[in-house]
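Please prepare a briefing on helix packing and salt bridges for the structure shown below.

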Amino acid sequence: MGRHKAGTRSLGAVMRGLVLLLAVGLVAGAGWYALRGRPTGDDGTGCPTTLRVVTASSFSTVVSAAGRVLRSGQDCVLLDITAADGRPAGGQLAQVNADVWIPDDASWATVAPPGLLVPTDKDKGGAVQQETSAGATIATTPILMVTDQATADKIKGAGGGWLALAGLLDGKSSGVRLVVRDPSLSGDGLVAAGAVGEAVWLKDGMDASSLALNTTRAVTRTVNHDLAATPNEVGEVGLVPEYALLPIMNLAPNRVYLSGADHTAIMRYTWLPTAAAARDPQRAAALKRLLASFETTEVRQAISAAGLRGPGQVRPPFEGGSALPEPTAPPFDVLAAHHVQHVFATWDPEDRRSNLLIAVDIAGPGTGAGSSPAVIGSAAPGGRQAPIDVLKSGCRVVGDLMPVGSNLGLWEISPGQPGGYRKLLPSDRLDDTSRAAFARSVSTLTTHKAGAGLLDTVVAAYQSVRDDWHDDMFNQVFILTDDANKDSTNAQAVAAMVQKLTELQDKERPVTISVVVLGKKDAADRLKAALQPLGAYVDYAQTVDDVQAAFIHVMAGGLHE
């Protein structure tokens, strides 16, 4: 009996062994079949290439659909997808060793690490740009104004466009307020806020745009956590992309939607391959396949399901979507780097961090043939203000807007003083104590008798900032003058100043020069032409608003086109 039981156990073990061997054989056979049907890649997944894609969260489902398309076939491609938005996405590119970035707007290319991406400019990118299709638009979505009927009527009454909205956001008596997503965290916010600034820029120029954005910020509710910047109260105008509106159309029947009669604000989902991937033949070939996949039926359906407009630019078919206006005005251009910086500097104090030296040169009435004119503008009580009072006000704005940790100094051009100027406040790190000292120094600014000193002071101020250069902020000299001494007409002296500045230039320590001339366009034109080789920003101010705009522009880093 014992031997019989033992034999039974042995037979069972043998049978189990046979079953196990058969199972192993089947698995091995299945594995062999799978490997024969698909080449083995270096990553062990069965695909020869894996592309690392960084994309906006609102586009991640589309890229996932493209990944499903690319996983099939003999030369399959796998996608390693990172969803990241806004400025943080730019920082992710190098960290994940990305092969391509598909942000929710082309303007984000300005925040990528230098040299990381293939240039989208044909002149700079050359054959590589054409070969990789860098800068191609994959999908779009317009941004609409969302508000109540009474506020919509105000916008329509003012012209119905983005410029009309900007005019109503003057912080005075219109009662109109703005709602946007944080411009640093999404294309929704950046393109929306940028559209307000662009409308003013196109009409009145760069400085006026800076002032308009600063004024707008004061009457804006910024959304950091919700999907869309929808209005909550009467008088609020939410700037919301179409893709975020389509799924919720039936939830807000009383809202009014405007697209902008003058321009269309539009987000462009853009193809931005990295230079390293473009140099690698295998990855470059895989990138071409990925780009081509966005034209397939499956991926086009994913674009539509995400609420985005594909290559045909047709609105996706969502229930209730027909209530949205179809944009007909020409689109704004993609925001250039300087325009993007204006938006960032308006919303984030850290983007206003500067090592700034201000030098003021204003002659008093009757102190010479070229004495300062009155400055006229809507911001002044009675329509007129003394230039020195306007400049004091502008300096105070600068002192209030610059963040702690900046560097700030104030000089006053004073003919007869050694060097032609006196230091009311030597440049110092800005904190509560030094901010108060700056305010006191501003109150002591005075006019002077017209005389020499402007040109030498520009050189001295430039050298001072260069020698105290900071690598973590903008380094700037800001000169305000009425050119009462007519220094701009002394061609020899101006040329000598430019020569000295040229010799002081240091590529490792760049310093921006901004000059604003009060009331004398001819003087501004002469100085602009002379300082052009140095890349200086020179303009003239005729009104109080012009002067305020110039100060605000300096807060954006003093950059210029």
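Which elements do the buried residues of H12 pack against? They pack against helix H2 (60–70), strand S4 (137–147) and helix H11 (281–293), where helices (H or I, at least four residues) and strands (E, at least two) are DSSP runs numbered from the N terminus and contact means heavy atoms within 4.5 Å. This is a predicted model, in which local features need pLDDT of at least 70 and side-chain atom pairs count only at pLDDT 80 or more, while totals for chains, interfaces and linings use all residues. Residues are numbered from 1 along each chain as its sequence is written, and side-chain values use heavy atoms, with hydrogens and water left out.

**Helix H12**
- In H12 (residues 297–305), Val299, Ala302 and Ile303 are buried, that is, under 20% relative accessible area, with exposed meaning over 50% and partly exposed in between (1.4 Å probe, protein chains only).

**Salt bridges**
- The whole structure contains 21 salt bridges, each a side-chain nitrogen of Lys or Arg within 4 Å of a carboxyl oxygen of Asp or Glu.
- Arginine 289 and aspartate 75 form one of them (3.3 Å, N to O), linking helix H11 to the loop between H2 and strand S2 (77–83) across 214 residues.
- Glu242, Arg309, Arg315 and Glu326 are linked in a network of salt bridges.
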